[in-house]
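Open the model in your viewer and keep the selection tool at hand. We will go stop by stop.

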Amino acid sequence: MAFTLPALPYATNALEPHIDARTMEIHHGKHHNAYVTNLNAALAGKPEENLSIEEICKNISKHPVAVRNNGGGHYNHSLFWSVMAPNAGGAPTGTLADAINAAFGNFDEFKTKFNAAATARFGSGWAWLVKDASGKL
């Protein structure tokens, strides 16, 4: 299975003024595309080339560095495009806000810790907020 670059679900200028069209073009058309191209090259001819990106990520530590970095980059960018939207964003409400407040004290403290975690990782800027099996963030 060769991976492909997914289309953006909105125009490259749709997130302005927060993210300009040129930045979107670079990150989608160049960065994300490079992750897809390099992932396909790293998997070529190997049994793992028939796995979905989700299957690869479920066992990411078992894969070579080229698959981990490029597979992770592809998955992260795909998620990134899907969770952003024009005229969206802001502080969470409801159950998510309650969970963030319980785990971090408040949304501002969460943002501080989240940003610190993101800048300390490969591909600086990537971090995910997840919950464990018990629902704890």
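Predicted model: local features only at pLDDT ≥ 70, side-chain atom pairs only at ≥ 80, totals over all residues.

**Stop 1: the largest pocket**

Start with the largest pocket, which has a volume of about 1,300 Å³. Select Ile 19, Phe 80, Val 83, Met 84 and Phe 114: of the 42 lining residues, these are the closest to the pocket's centre. Now colour helix 1 (21-43), helix 3, helix 4 (94-104) and helix 5 (107-119), the elements that each give two or more residues to this lining. Which helix gives the largest share of the lining of the largest pocket? Helix 5 does, with seven residues. Colour the lining by class, and you get 26 nonpolar, 14 polar and two charged residues.

**Stop 2**

Keep Val 83 selected. Val 83 belongs to helix 3, which covers residues 65-83. Is Val 83 buried or exposed? Val 83 is exposed, because its relative accessible area is 59% and the cut-off for exposed is over 50%.

**Stop 3**

Move to the second largest pocket, with a volume of about 400 Å³. Select Gly 72, Asn 76, Arg 121, Phe 122 and Trp 126, which lie nearest its centre among 16 lining residues. Helix 3 supplies the largest share here, six residues. The lining divides into nine nonpolar, five polar and two charged residues.

**Stop 2: Ala 120**

Select Ala 120, in the segment after helix 5. Ala 120 counts as exposed, at 59% relative accessibility. Then pick Cys 57, 63 residues away along the chain, and find 20 Å between the two C-alpha atoms.

**Stop 3: the salt bridges**

How many salt bridges does the structure hold? It holds three.

- Show Glu 25 and Arg 22 in helix 1, three residues apart, about one turn of the helix. Their side chains meet at 3.6 Å, N to O. Glu 25 is partly exposed at 36%, and Arg 22 is partly exposed at 48%.
- Go to helix 5 for Lys 111 and Asp 108, again three residues apart. The N to O distance of this salt bridge is 3.4 Å. Lys 111 is partly exposed, whereas Asp 108 is exposed, at 51%.
- Finish with Glu 109 and Lys 113, whose salt bridge is 3.9 Å, N to O. They are about one helical turn apart because four residues separate them in helix 5.

Technical notes:
Residues numbered from 1 in each chain as written. Heavy atoms only, no water. Buried < 20%, exposed > 50% of the residue type's maximum accessible area, 1.4 Å probe, protein only. 1 Å grid on protein atoms, 1.4 Å probe; cavity = no way out; pocket = protein on both sides within 12 Å on 5 of 7 lines; lining within 4 Å. Points joined across faces, edges and corners; volume = space filled by probe spheres on them. Nonpolar A, V, L, I, M, F, W, Y, C, P; charged D, E, K, R; others polar. Salt bridge = Lys/Arg side-chain N within 4 Å of Asp/Glu carboxyl O.
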